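Reader: I'd like to go through this model with you, one question at a time. Could you show me the sequence and structure?

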Amino acid sequence: MGDSLNTEEIQGIVERITFHNESNGWSVLRVKCYNDFDISTVIVHQMKVFAGATMKFTGYWSNHPKFGRQFTATSAEERKPASAAALEKYLGSGLIKGVGPKTAKRIVSHFGTSTLEVFEESIEDLLLVPGIAKKKLQGISNAWNEHRAIRDVMLFLQGHGISTLFAVRIFKKYGQKAIERVTANPYQLANDFYGIGFFSADKVAFSLGIEQNAPVRIIAAIRHILSASREQGHCYLHVGQIQESISTLLDLDLSDQMEHYLRSMENSDLLRKRQLPLSDGSLVACYYSKTLYFDEQSCAEDVAALCRPLNVDCGHVEKWLFEYYKKQDFSLSEEQAKAVRGIVTYGCSILTGGPGCGKTTTTQTLVRLFLAMGKVVLLAAPTGRAAQRMEEVVGVEARTIHRLLEYQNGSFKKCRENPLSCDVLVVDECSMLDISLCAALFAALPKDGQLVLVGDADQLPSVGPGNVLGDLLSSEIVPVFQLKAVFRQARNSKIISFAHDINSGKIPHIQSPFKKPTLWQEKCDCLFIDSNEATQKQLSSIRMAKKQLRFNLREVEYGEENLYCHTHPEKDQEGKREWEQKKNSHFEHIDFGLLQTAENNADELRAVLKKVHPWSSLYYGLTAGQVLLRLYSEWIPKYFGSDTEIQVLSPMTRGSLGTMKINETIQQAMNPENTKKKGQIILGQRVFRTGDRVIHRKNNYDLGVFNGDIGQITHINSIDMTCLVKFFSDERTVEYQKDQLSELELAYAITIHKSQGSEFDCVIIPLVSQHFNMLFRNLIYTGLTRAKKLAVFIGTRQALAMAINNIDTVKRQTALSLLLRQQTGD
């Protein structure tokens, strides 16, 4: 990081342009600053930069590990050249087509210090300069006007708080109409540019003098609220919800005007309204973003059309299954066979079930049967890793949905007018599908096509809006085939058996390697390491207790009935309240005040022993964060192999055991700074190095990379701030330009939500009370079932019990189930 992030101003003359990226304006300049004998490096985004320009930069100084001290400019303003020599260099630098160094010298010699005034006010006077005729004058005039337009737009945008980075993007999109368009409606910036949200656009609006209660601001706020509701998975909001959000966002009471604004926006085609029934049968107005309204309607219509019985010779199916069993040397269970027989007879159907119930084997058999029936079958999944796994186990090529639909020039090539070339489409990990992706996918199916959706309804719902799998199941319109029986070989896996325990609300007895070290050699596939965060002073007290009592006495004092934390929901609520009261403490389970007031040593020990789990790593001087690092760097590679893929899955991004802090810790330990051997890029608070594990965090159709794709940085160019990332799912290497790096983040640790659709050899799941806001049963279930070989929980069993007893009751506001029933007349 830099020496200081304090904003400063510097002025000087651009001596040369070291680098300029035409696509995004990123530039490296060498600037001779006033009152400074040295030439400084300045990093700035600028549409066009020329040597000899006199500039004022606002920004901050930093130290680059390879290139030394440099100034990163957040704004740049062109000033009048300070001297005749600077003016001559400026005009002759290529700024104006038709004016080279020799012509520039003649112009400055003729007009002297009045040269710029001539260009600004009476450019026709250039005809007085030898060598400049009318034709050349016209070219010079056109080039100067273009330069002045760019300069004026950049000054205008920066003058209203827009950084040079976004100023370049805005000019490239809006051109010379940028000032006019931004002035007319600054909130349009939030719709047109990723990275500029409502709040940034609102600052620009205030700078332009737009009133707090201006209609354009209120309309933009309503659109923002409807859009933001997607993050909670909602497709629509009620009037009351919009009103409450507006009051919080804008600090305005619009209760008497809200209906007017919503009606006006509906008439202006800015939103859509749908009347939906409440539980008592009365209708309520529900407001949608336009795209979600049509996506939900389209899904309902397409699924309804697909839900038709098919004419299939069941005798031939039975005969094929009999022959298939002989070839494969196994038989499907009755549940699986019933699913196969049923699915082939419907235009749309759902295959669901938990881990170890045989969804994969059933899907594989289905695909073989479809192929034997002469059908063209396509396989797809929401993520690259899910598609890769599907292809491996089924033995037929599988693609991500985005690649299957062939995104091109802002839309999918495969659509209703240009459908997929297939008879059957099988889609895995359907719990991940949001309403918008489903709308595109279902629309691309041929009218006589067959759709098979495979998924686990108990997994987390999609990150995006909607609850497609849940809505299709609850509609009772789509035929559902549920696999419930867990196969014997699957029951031998602790991961699978514990996942079913969790899903049924039972707290599993997960063993600890601190209690039984041989679990590592036995390759037990699910472990729990009891731990927490603590200060050094607290660790000292705990170590003192360890020295005083043997292991088995610690268990007795703690209470053997509490070892696996058989808590109840009401106690979980008490635990949440306790954490909220103590959340500023590093360690919430010990009353250290009791230690200080205890009358004797036995009381002190008892205070510790009743609060600290007898198998806790704290007795060995290791906090939860330290255990996590040891697992990642030492213990798992030792027992499962150095090439084993390890993924930390945290419930949250913030906090000492959130993804941000964990990523920083693991990067520093596993991939420390070494500029002599590896490249490095610093972007604000983020650092990327060659070898880092990274995740892409938004769909980028131009790069062909999608939200949740994980890879490794293989090369960094520190000069032009680019890097190469090799993605694990398809072994593709993708080049990122500087302005695309914001779409990457470190991925040593990711949230459980982002892990959906993926599997990893080993997963580490920190689970402590500081995560209580996110502790839900389906979250832990999803995290655990991401592991193939090993899952390790680190934290408190109280937090695990809290999660298992806590069912996420927040209902997503969707209408797909109702619309589907309406479509079929049910």
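Reader: Is Tyr407 buried, partly exposed or exposed?
Author: This is a predicted model, in which local features need pLDDT of at least 70, side-chain atom pairs count only at pLDDT 80 or more, and totals for chains, interfaces and linings use all residues. Residues are numbered from 1 along each chain as its sequence is written, and side-chain values use heavy atoms, with hydrogens and water left out. Buried means under 20% relative accessible area, exposed means over 50%, and partly exposed is in between (1.4 Å probe, protein chains only). Tyr407 comes out at 26% relative accessibility, so the label is partly exposed.

Reader: Which kind of aromatic pair do Tyr407 and Phe412 form?
Author: The structure has 17 aromatic pairs, where rings of Phe, Tyr and Trp (its six-membered ring) pair if their centres lie within 6.5 Å. Planes under 30 degrees apart count as stacked, over 60 as edge-to-face and the rest as tilted. For Tyr407 and Phe412 the centres are 5.8 Å apart and the planes make 85°, and that pair is edge-to-face.

Reader: How confident is the predictor, and which element has the lowest mean pLDDT?
Author: pLDDT is the predictor's confidence in each residue, from 0 to 100. The chain averages 85, with 89% of its residues at 70 or more. Helices (H or I, at least four residues) and strands (E, at least two) are DSSP runs numbered from the N terminus, and the chain has 31 helices and 28 strands. Strand S14 (residues 424–427) has the highest mean, 97, and the lowest, 43, belongs to helix H25 (residues 592–597).

Reader: What is the bridge partner of Arg272 in S8?
Author: S7 and S8 (residues 283–288) run antiparallel and are joined by six bridges. In S8, Arg272 is partnered by Tyr288.

Reader: Tyr288 again! How far is the charged end of Arg274 from the centre of its ring?
Author: Tyr288 forms one aromatic cluster with Tyr236, Tyr293 and Phe294. A charge sits over a ring if NZ of Lys or CZ of Arg is within 6 Å of the ring centre and within 35 degrees of the ring normal. Arg274 lies over the face of Tyr293, at 4.1 Å from the ring centre. Over Tyr288, the charged end of Arg274 is 4.9 Å from the centre.

Reader: Moving on to the sheet of five strands, what is its order?
Author: The edge strands, each pairing on one side only, are S17 (526–530) and S26 (749–751). The twist averages 25° from one strand to the next. The sheet is open, its pairing is parallel, and the order is S17-S28-S27-S18-S26.

Reader: Why is S18 largely enclosed by the rest of the structure?
Author: Ile646, Val648 and Ser650 point one way from S18, while Gln647 and Leu649 point the other way. S18 is largely enclosed because five of its five residues are buried.

Reader: Which residue of S27 is the bridge partner of Gln647?
Author: S18 (residues 646–650) joins S26 in parallel through three bridges, with Ser650 partnered by Thr751. S18 also pairs with S27 in the parallel sense over three bridges. There the partner of Gln647 is Val763.

Reader: Last one: what relative accessible area does His45 have?
Author: His45 is in strand S3 (residues 39–45). Leaving aside residues up to four places away in sequence, His45 touches residues including Trp26, Met154 and Lys738. His45 is buried, at 7%.

Notes. Two strands pair if DSSP finds at least two bridges between them. Axes are lines fitted to C-alpha atoms, for helices over the stretch in contact, and angles run from 0 to 180 degrees between N-to-C directions. Contact means heavy atoms within 4.5 Å.
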